[in-house]
Amino acid sequence: LLPDILDYSEHCNVMEINDGVVSDVVESVLAAAYLAERYQQQQQPESPRRYIPGSMVVGILSLCVLPLPEPENKTVEAGWPWFAAKGTCLHDAYPCGLDKTWQQELVRVGTILYCEHEVVDRLERAFKGFLEALPIQNDILQQLLTSQQSKLLVFSALFDDSLEFDDDDDPSASRSSRKSSAVSSQDDSFQSSQRGNSSLQSRDSSSKNNASVDGLFRVGLLRDTLFCVGNAALSLCVSESLYNKYPNATAGDLHLLRSCVINDDILVYVLLKNGLDEYLYDQAATTIHHFRAEMATSDLKGNQTWRERNGWIYGLEEYRRRVSNPTAVPRYAGIGGGRLCGHKHRLATDLTEDLSFSMKAIIGSFVLALGLDGMWSIFYEWFEETMLLSAEELRKEFASVSTICSTYDKGKENNNLAQSLFR
């Protein structure tokens with residue numbers, strides 16, 4: 001809903017346009033504002049910050065007067081800001097200590113976990129091994145991840161136990177309900193699920209629901225929140241990386257590239273290939289074993305193709321030219337075009353959705369613990385190999401064996417206006 005200050009009908013001729021066009025324009029302006037701030041940060045990394053990172057985007061959204069639900073006795077007219085968070089999590093961790101809602105929630109979750117001695121012992125061991133498995137080179141990041149706030153966030157993300165509510169409890173927070181509430185995308189694209197949409201703040205505003213949220217179920221609810229954060233953060237980081245890596249890509253190209261990186265099949269493949277499943281709480285999950293069997297078969301097929309092409313799809317020398325670490329060797333032989341080798345369509349949802357949920361929850365915990373940049377500095381290394389091929393190369397190599405690559409057309413060529421503004 002655009003504000004009155006953007007109404008120019010009295011000063012010039014206007015035309016009627018549909019809501020979709022307006023939405024596209026607003027989203028494009030938000031993207032331009034975000035990229036402009038990022039560009040300024042890259043150009044002057046050592047300069048002191050004179051404003052809160054992300055403030056341009058927040059300001060534009062404020063001008064739009066979003067029709068958000070308003071808490072009781074707090075309205076926009078009374079000066080209540082829609083953006084009530086204490087930080088944007090772009091460069092720094094979220095200051096939970098300054099946010100009463102988050103502070104209370106972490107205290108509750110911490111109390112619950114440390115009263116469950118067997119559970120917390122397993123999570124402590126998993127957390128220690130998890131940090132050792134991550135490619136963390138910065139001592140500051142390592143120190144941040146050992147803070148109590150960070151530990152509780154990661155504990156909650158790793159706690160993937162299949163909890164079930166009794167009949168008298170609120171079913172909206174159960175694992176089965178979270179599955180059914182997922183909004184699945186079409187067969188070709190990344191799945192921006194909308195599970196766990198209730199926020200911590202709205203959760204605390206309902207005492208009736210809180211009465212039924214007890215014990216480890218509350219940890220599961222926090223995990224839902226972490227999933228929402230991780231889902232959005234991963235999409236943003238991958239989109240920005242692809243935008244910078246392929247500056248001449250069209251909108252269709254970027255949709256294709258992103259879908260080949262963050263669909264559920266690829267996320268679970270990356271999760272298991274890097275051994276993160278070993279640190280999840282529910283080690284007895286049958287989906288892990290079933291997906292490993294699919295992954296082993298796909299790796300055999302992919303390795304056979306790579307052997308015929310001198311170690312990679314375009315040769316080992318070309319691979320080393322494209323990656324940031326020139327001594328690296330390719331690891332993800334079993335995927336191509338956003339699919340597991342040998343699978344033209346995505347795998348069954350019940351095989352991937354729980355593990356994909358875990359991956360996004362883990363990423364969400366790192367966003368809140370380290371900030372967006374801190375999270376991506378760790379996980380980028382694991383996703384870089386999924387972004388080495390351009391859209392044209394993906395269509396050329398995988399259009400006949402992947403529904404993703406056969407779905408997204410190139411679309412209209414862009415005029416590089418945005419690129420000229422920021423480069």
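## Starting at Asn325

At 40% relative accessibility, Asn325 counts as partly exposed, because that value falls between the 20% limit for buried and the 50% limit for exposed. This is a predicted model, so read everything here with that in mind. Where does Asn325 sit? Its place is the loop that runs between helix 14 (316–322) and strand 1 (335–336). Along the chain, Asn325 and Glu381 are 56 residues apart, and their C-alpha atoms are separated by 9.2 Å.

## The whole protein

Stepping back, the protein has 18 helices and two strands. Of its 423 residues, 48% count as buried. The exposed surface comes to about 21900 Å², with carbon and sulfur atoms supplying 52% of it.

What about contacts along the chain? Take the contacts with a separation of 6 or more: residues 24 or more positions apart account for 77% of them.

## Aromatic pairs

How many aromatic pairs does a search of the whole structure find? The count is 13. One of them is Phe127 with Phe155, an edge-to-face pair with 5.7 Å centre to centre and 90° between the planes. Phe127 belongs to helix 4 (residues 117–133) and Phe155 to helix 6 (residues 148–158), so this pair ties together parts that are 28 residues apart in sequence. Phe127 and Phe155 are both buried.

Then there's Phe130 with Phe366. Their ring centres are 5.7 Å apart and their planes meet at 75°, so this pair is edge-to-face too. It links distant parts of the chain, with Phe130 in helix 4 and Phe366 in helix 15 (residues 349–370), 236 residues apart. Phe130 is buried, and Phe366 is as well.

Helix 1 (residues 19–43) passes a simple length check. At 1.5 Å a residue, its 25 residues should span 36 Å, and the end C-alpha atoms are 36 Å apart, which agrees. Its buried residues are Leu30, Ala33, Tyr34, Leu35, Glu37 and Arg38.

Helix 17 (residues 391–398) is mostly covered, with six of its eight residues buried. Which ones are buried? They are Ala391, Glu393, Leu394, Arg395, Glu397 and Phe398. And what do the buried residues of helix 17 pack against? Their partners are helix 11 (251–262), helix 14 and strand 1.

Glu105 lies in helix 3 (residues 100–115). Is Glu105 buried or exposed? It is buried, with a relative accessible area of 0%. The side chain of Glu105 is joined to that of Arg218 by a polar contact of 3.0 Å.

Ser150 is in helix 6, the helix that also holds Phe155. At 2% relative accessibility, Ser150 counts as buried. Set aside its neighbours within four places in sequence, and Ser150 is in contact with Leu144, Leu145 and Ala369.

## Two loop residues with positive phi

Most residues other than glycine have a negative phi. Cys89 has a positive phi of about 65° although it is not a glycine. Cys89 lies in the loop between helix 2 (55–63) and helix 3. It is buried, with a relative accessible area of 12%.

Asn310 isn't a glycine either, and its phi is positive at about 65°. Where does Asn310 lie? Look in the loop between helix 13 (286–308) and helix 14. At 56% relative accessibility, Asn310 counts as exposed, whereas Cys89 is buried.

Definitions and conventions: Residues are numbered from 1 along each chain as its sequence is written. This is a predicted model: local features need pLDDT of at least 70, side-chain atom pairs count only at pLDDT 80 or more; totals for chains, interfaces and linings use all residues. Side-chain values use heavy atoms; hydrogens and water are left out. Rings of Phe, Tyr and Trp (its six-membered ring) pair if their centres lie within 6.5 Å; planes under 30 degrees apart count as stacked, over 60 as edge-to-face and the rest as tilted. Helices (H or I, at least four residues) and strands (E, at least two) are DSSP runs, numbered from the N terminus. Buried means under 20% relative accessible area, exposed over 50%, partly exposed in between (1.4 Å probe, protein chains only). Contact means heavy atoms within 4.5 Å. Accessible areas come from the Shrake-Rupley method with a 1.4 Å probe; for residues, only the protein chains shown count as cover. The expected span of a helix is 1.5 Å times one less than its number of residues. A polar contact is a pair of N or O atoms within 3.5 Å; within protein, one must be able to donate a hydrogen and the other to accept it, and residues adjacent in sequence count only if both atoms are side-chain atoms.
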